[in-house]
Amino acid sequence: MAPDGGLYVPVSYPQIDAAQLTDWRRLLQQEGYAALAAEIIGLFIDDIPSAELQGICQRAYDDSFDDPAIVPVSRIADGLWLAQLSNGPSAAFKDMAMQLLGELFSYELQRRDQRLVILGATSGDTGSAAEYALLGKDRVQVFMLSPQGRMSAFQQAQMYSIDDPQIHNIAVDGTFDDCQDIVKQLNADADFKRRYHIGAVNSINWARILAQIVYYFAAWLQVSDGEPVSFAVPSGNFGNIAAGHVAKQMGLPIDRLILATNENNVLDEFFRTGVYRVRSAAETLATSSPSMDISKASNFERFVFDLLDRDAAQVANLFGRILVEAGQFDLSGLPAFAEQQQRFGFVSGSSSHADRLAAIRSVYDEAGIVIDPHTADAMTVARASGVPGLVVVLETAKPVKFHDTIVEAINLAPERPARFVGIEQLPRRVHEVANDAQLVRRYIEANV
Ligand SMILES: *Cc1c(COP(=O)(O)O)cnc(C)c1O
């Protein structure tokens with residue numbers, strides 16, 4: 001976040017052409033995902049030497065992923081593909097970004113001879129992805145707040161079984177919002193922040209978007225000989241799909257960006273009506289695709305900035321004043337909104353719990369593949385959208401994380417990757433505290 005409360009974006013998006021894509025296809029086939037990542041990310045970073053950046057990407061996308069392709073693509077039906085983003089250590093797509101972020105932190109902290117204390121709050125996936133990514137990075141410590149007893153048994157086991165003196169799990173007697181409030185309160189204390197070198201890994205971090213651009217290219221290169229491809233993307237904070245937007249703006253032939261939400265349809269509503277209306281915590285539903293249960297989409301202003309031809313003053317007004325005062329804004333009257341689909345390619349839809357169960361069932365019947373409920377959101381919306389041509393659905397989590405919904409859909413327990421067998425029985429390392437920022441602060445001060 002910039003000091004004025006806005007978000008950083010690149011001054012411009014690097015442009016690529018068909019010849020570049022041909023070279024990258026060869027690179028991906030011969031040298032793999034990490035080599036492609038170094039090329040694409042290198043277009044945005046000019047102060048890390050190319051050999052160093054290659055090392056960073058090789059360490060980020062290594063054998064901690066279940067599949068050497070990192071992002072393999074499977075066929076579901078004619079013209080319909082699934083790109084797996086969930087092969088990383090925490091079995092969710094957050095790893096795609098966090099793994100790179102962990103390596104970038106290490107590199108930069110070494111270069112500056114500094115240390116960092118990551119303070120965060122998680123409702124599930126972000127916390128474990130961050131902890132796996134920062135594990136063993138000796139200049140980084142993590143203090144991760146989670147709502148006590150409110151994550152799935154698997155998610156709790158995933159986080160609390162991590163055994164590393166630098167990683168601190170703090171279970172707060174409260175909700176996810178309470179956890180976030182504590183992080184906010186502690187971050188508001190500039191003296192505390194400076195003294196303990198407090199940093200964050202939240203979803204507005206530009207490096208996370210940057211890492212995610214790569215898999216749009218990798219998936220495109222695997223399914224297309226040059227023809228445009230549409231992507232169906234399970235969306236909450238507009239992070240996953242923001243990267244697709246950037247890839248399209250760079251010149252990757254993307255036809256439609258199909259944005260999928262669950263019952264928390266803030267973003268679907270915007271793309272259908274032009275009205276962006278933030279929800280209250282009470283209006284935010286707990287669904288069977290919980291990582292998309294959001295009330296406002298923290299990366300959305302990055303897209304609105306481009307939609308409004310990069311008019312920073314107008315964006316500051318919309319997200320600063322108008323949203324704060326009215327809780328919503330309406331762009332439906334603007335020519336930019338009318339031209340949106342033609343120019344930026346967004347279409348949208350949302351799914352219900354029953355839709356997701358049906359999608360899990362039908363993909364299992366057709367292709368023998370079990371998808372998780374977030375991926376099922378995207379599968380539902382992709383099919384309902386009627387978008388023609390090649391469509392790639394982005395898979396964002398392994399089904400093992402959502403056991404009960406999978407059993408409800410197909411009456412089969414999801415397969416558990418070997419490294420997760422028995423994690424519920426491992427000793428738990430978690431510090432339980434009352435819902436009180438001062439207690440959390442004291443725990444950090446005593447353990448840094
Ligand atoms: C975070 C997450 C999403 C949504 O991604 P955004 O970047 O918030 O749009 C979708 N599915 C899963 C499994 C996630 O963890």
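F231 touches Y216, A219, W220, I254, R256, L257, I258, V392 and L394, leaving aside residues up to four places away in sequence. The model is predicted. F231 is also among the residues that touch the most other members of the largest nonpolar core.

**Nonpolar cores**

- The largest nonpolar core holds 109 residues.
- Y61, Y216, F217, F231, F238 and F300 touch the most other members of that core.
- Helix α9, residues 206–223, supplies the largest share of this core, with 15 residues.
- A second core is separate and has 24 residues. Its members include I76, A77, A359 and V391.

**Ligand shell**

- N237 contributes through its backbone, with an N or O atom 2.7 Å from an oxygen atom of the ligand.
- G239 also uses a backbone N or O atom, which lies 3.2 Å from an oxygen atom of the ligand.

**Ligand burial**

- How much of the ligand's area does the protein bury? Taken alone, the ligand exposes 380 Å², and the protein buries 96% of that.

Notes. Residues are numbered from 1 along each chain as its sequence is written. This is a predicted model: local features need pLDDT of at least 70, side-chain atom pairs count only at pLDDT 80 or more; totals for chains, interfaces and linings use all residues. Side-chain values use heavy atoms; hydrogens and water are left out. A nonpolar core is a set of buried Ala, Val, Leu, Ile, Met, Phe, Trp, Tyr and Cys residues joined through side-chain atoms within 4.5 Å. Buried means under 20% relative accessible area, exposed over 50%, partly exposed in between (1.4 Å probe, protein chains only). Helices (H or I, at least four residues) and strands (E, at least two) are DSSP runs, numbered from the N terminus. Contact means heavy atoms within 4.5 Å. A polar contact is a pair of N or O atoms within 3.5 Å; within protein, one must be able to donate a hydrogen and the other to accept it, and residues adjacent in sequence count only if both atoms are side-chain atoms. Accessible areas come from the Shrake-Rupley method with a 1.4 Å probe; for residues, only the protein chains shown count as cover.
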